[in-house]
Amino acid sequence: MCDVTFRVGHDRTLINAHKFMLSSRSAVFHTMFEGSLPEKGEITIPDIDDNTFRDILKYFYSDDITITNNNVKEMLYAADKYMLAAVKRKCETVLKQTAQSEHATKALQTGYQYHLLELQTESLDYIEMNTNACLLSEHAVSLSKDCLELILKSDF
């Protein structure tokens, strides 16, 4: 009874779903299926892995989602892509736990990338109080220029 088929991830895994469920939960899917140029046939989604996409589908059908430190970046990407504000907030809650740790620079970068202002603020506060540990962490070397500027402009 499914009426849409996705090819998901690098392996192009086949995943079936119902257009109505997806359209009713996401403006992106609504536009994809009901817009002026509706999608027909199989839809390829190469930028999301099949496990993450299945988790998002589970959320569409049941309102249940599990977000952990292991999947938070992928879930945040999918939530941002499909405009799922509630999932994005749940991701931010998980990420706030890392904002108060030696991984604060990673949390800052993620907060900046996805426009999560509270996460950015909490990360910057922790970095201010623990500057040496944070800037010597493995994640500090991959900070973007913009995030480095945020750190330098904060009140140290």
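Helix H3 (residues 50-62) packs on helix H4 (residues 72-81) at an angle of about 60°, and their axes are 10 Å apart. Axes here are lines fitted to C-alpha atoms, for helices over the stretch in contact, and angles run from 0 to 180 degrees between N-to-C directions. H3 and H4 are therefore oblique to each other. Angles under 35 degrees count as roughly parallel, over 145 as roughly antiparallel, 65 to 115 as roughly perpendicular, and the rest as oblique. Thr52, Asp55 and Ile56 of H3 make the contact with Glu74, Met75 and Ala78 of H4 (contact means heavy atoms within 4.5 Å).

A word on the source. This is a predicted model, in which local features need pLDDT of at least 70 and side-chain atom pairs count only at pLDDT 80 or more, while totals for chains, interfaces and linings use all residues. Residues are numbered from 1 along each chain as its sequence is written, and side-chain values use heavy atoms, with hydrogens and water left out. Helices (H or I, at least four residues) and strands (E, at least two) are DSSP runs, numbered from the N terminus.

The largest nonpolar core has 35 residues, and Phe6, Phe29 and Phe53 have the most contacts inside it. Such a core is a set of buried Ala, Val, Leu, Ile, Met, Phe, Trp, Tyr and Cys residues joined through side-chain atoms within 4.5 Å. Buried means under 20% relative accessible area, exposed over 50%, partly exposed in between (1.4 Å probe, protein chains only). Leaving aside neighbours within four places in sequence, Phe29 touches Phe6, Leu22, Ser23, Phe53, Phe60 and Tyr82. Apart from this core lies another, of 9 residues, including Leu108 and Tyr126.

H6 is mostly covered: 7 of its 10 residues are buried.

H6 (residues 104-113) and H9 (residues 145-153) pack at an angle of about 115°, with axes 10 Å apart. That makes H6 roughly perpendicular to H9. H6 passes H9 in a right-handed crossing. Leu108, Gln109 and Tyr112 of H6 meet Asp146, Cys147, Leu150 and Ile151 of H9 in this contact. After H6 comes His115, whose phi is positive, near 60°.

Definitions and conventions
A crossing is left-handed if the near helix is turned anticlockwise from the far one by less than a right angle, and right-handed if clockwise.
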